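Subject: Structure handover

Hello,

Here is the structure we spoke about, with the sequence. My notes follow below it.

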Amino acid sequence: MWKHSQQALALVGRSQRCLLLPSSVSTISSKHPRTFLSTPIPEVAQMDLSINSYADLYNFSIEKPDIFWKAVSGRLDWHQKFITTIQGDFTTGVNWFVGGKLNVSVNCVDRHAKNHPDRVAIIYEKDEPGHHEFITYGQLKELVVKYAHILRTVGNVKKGDRVAFYLPCGPTACAMALACSRIGAVHSIVFAGFSADALASRMNDAGATVVITTDIARRGGKTLKLKKIVDDALEHAPCVKTVLVDARDGDTSRVKLQHPRDHFLQDLMNTSTKNVNDVIEYVDSNDPLFILYTSGSTGKPKGLVHTTGGYLLYAMFTYKNVFDHRDGDIFGCVADIGWITGHSYVLYGPLANGGTTLAFESTPIYPNPGRYWEMVQRLQLTHLYCAPTAIRLLLRFGSEWVQKYDRSSLRVLGSVGEPINHEAWQWFHEVVGEKRCVVRDTWWQTETGGICLTPRPSGPTDPVLPAMPMRAFYGIKPVLMNSAKSEGQEEGALCIEKPWPGLAQSIWGDPARFKEVYFKEFAPYYFSGDGAIKNADGYWRITGRMDDVINVTGHRLGTAEVEDAMDEHEFTSETAVVGYPHEIKGEGIFAFVVLKEGGKDLDRQKMEKELKKLCKERIAGYAIPDYILFHDGLPKTRSGKIMRRILRKIAAGETSPEKLGDISTLADPSVVKSLVKARESLK
Ligand code: PRX
């Protein structure tokens, strides 16, 4: 049903690209020429305040958040106007746009389908290069309405019910998420690289009644049997009653369905959507839109709940301002829909703005390291938003792969998910962006809903410094707690002082944990879990996680999750997992394992294989440790606490006594010496 021709692309882009002024510029009154911003905020400019710079505008958003957010909330279509902009604070819990009612799919699809039915909404870039499909806003609306009907009639999904997704990044995932929102259901997208166990635990926690999957997926030339993984997961997830299967390329011969539980979407589209009744459920602004699971330092992954009005406005507004969205842009965020970046900047941010978004199914190096750049040339992408781990990987293959392709369509480059090192930033800027494009390092989290620290918006003469997100976005007031000052800069725990609309509302089923994790240590502020540095000019740089969460190839992982998986082995007595610096992945996983008496004589290679298999089965492929070091003991304090600080140094190969620091408080300091020796033998 999609358009397969370049014609559709021409519709989104070229004809409109000659009108490249921001769409809102013309609405600013001549009395208030606001030329200091590339993406002005006319709603505020019209208020007749003396706002003459980015700093003024930012200060206004901090000092008068209710006026600021009320003004920009007009960018959403409200079914019923809200009464109160912000209610409550971090101590009591925060509600946004109280009393307002809206529907996300109407905001992301209907209003654009009405005005620009032929504009491309989604470009589906399949695993095989050159196999792209275009879905216009008109087509997307038709699809969303039909999917919503299937969810209601076949899946018996009602307002507030949870629907799990185990799908690759593509139009089915995007349209189904919008279909959930159309009927007031809550989606919970699980990254289709997670194991059956991880999927089952997430579906159980969310109490999902329906799961949507595909028979197979393709990624990097490999075939992934998603339906088989869902079948395995469902053995332990009795809450799920219906499985909707999207047969890849319409081929329904690859998997057998289990009746009456399973249905092919293709069959349902042919039969049950003959008489579609389009029911739009307008929900309260604070009703949940989705649950997304993310790792923490302790316990099982947390299901963060994002609400409808606040989240959507924040995704929409950050997308517009951080990326300087203009009519005709083709936004290329290569994140998977299974992560928050996919939610906010593949799906909701671009579509709420009526933009054209890319749904990328492949990897940066399939079929070769020129994949991104060939795609930029073919699809005329104006933006590329990716993770530093991909930049570091591609940098290694050399600039020739980039320079082979025309990148003149690119205007903005963005990085997200982990600290970007100088070398990667410079290469991105100089080679990929030909020093023409603005590079934006963007810091944010699953919890924050959208970008919080980023070099833009800023004035034309404001500097953009390499490898740091630099500035706070509108409405975000970062503060450093427990900070120490040195050499003109300050370093501490990164907290945020006041509520903003994108912040998650709770942890699904566990509001007490939400308070405990984010608002207790540095009450009354929000604690991000990250450390940061504020330099003498007030610019921000992130130093990394301060807790036991690590960041492997841009994937967030709790070391406790990996330990729990390995502890399941009958012969492990104790495990300690830490991250260590890895040239490409950002952080690698290093596991220290103490075996039980009965396990000490076992074949270590076999044992290592079994432990790695457990990590893959319980979590995902990216959770497999790079190193497993078997040892007789771990460095512990006299009270029995493992000293991870020392393990992190040993894993990083920083083994000289000065680097290891004070070990005198250990119950048995000699364990360090033998661990260092064992680590050296691993090299
Ligand atoms: O440690 C920070 C790191 O990623 C964490 C959030 O991970 P997640 O919830 O999976 O969301 C990733 C995509 C938004 C943060 O606590 N992080 C994210 N962006 C940056 C970053 N670290 C440094 N610089 C960034 N730009």
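His631 counts as buried because its relative accessibility is 15% (buried means under 20% relative accessible area, exposed over 50%, partly exposed in between, with a 1.4 Å probe and protein chains only). This is a predicted model, in which local features need pLDDT of at least 70 and side-chain atom pairs count only at pLDDT 80 or more, while totals for chains, interfaces and linings use all residues. Residues are numbered from 1 along each chain as its sequence is written, and side-chain values use heavy atoms, with hydrogens and water left out.

His631 lies in the loop between β30 (627–630) and α21 (644–651). Helices (H or I, at least four residues) and strands (E, at least two) are DSSP runs, numbered from the N terminus. The His631 side chain makes a polar contact with the side chain of Ser674 at 3.0 Å (a pair of N or O atoms within 3.5 Å; within protein, one must be able to donate a hydrogen and the other to accept it, and residues adjacent in sequence count only if both atoms are side-chain atoms). Beyond neighbours within four places in sequence, His631 is in contact with residues including Val593, Leu595, Val671 and Ala678 (contact means heavy atoms within 4.5 Å).

Glu447 sits in the loop between β20 (438–442) and β21 (478–486). Glu447 counts as buried, since its relative accessibility is 2%. Apart from neighbours within four places in sequence, its contacts include Lys302, His306, Tyr518, Tyr526 and Arg556.

Next, the helices. In α13 (residues 340–352), 13 of the 13 residues are buried, so this helix is largely enclosed by the rest of the structure. Gly354, which follows α13, has a positive phi near 75°.

The axes of α6 (residues 104–115) and α13 come within 9 Å and cross at roughly 55° (axes are lines fitted to C-alpha atoms, for helices over the stretch in contact, and angles run from 0 to 180 degrees between N-to-C directions). The two helices, α6 and α13, are therefore oblique to each other (under 35 degrees is roughly parallel, over 145 roughly antiparallel, 65 to 115 roughly perpendicular, and the rest oblique). Val104, Asn107, Cys108, Arg111 and His112 of α6 meet Tyr348, Leu351 and Ala352 of α13.

The axes of α9 (residues 196–206) and α10 (residues 226–234) come within 8 Å and cross at roughly 55°. That makes α9 oblique to α10. On the α9 side the contact is made by Ala196, Leu199, Ala200 and Met203.

Regards
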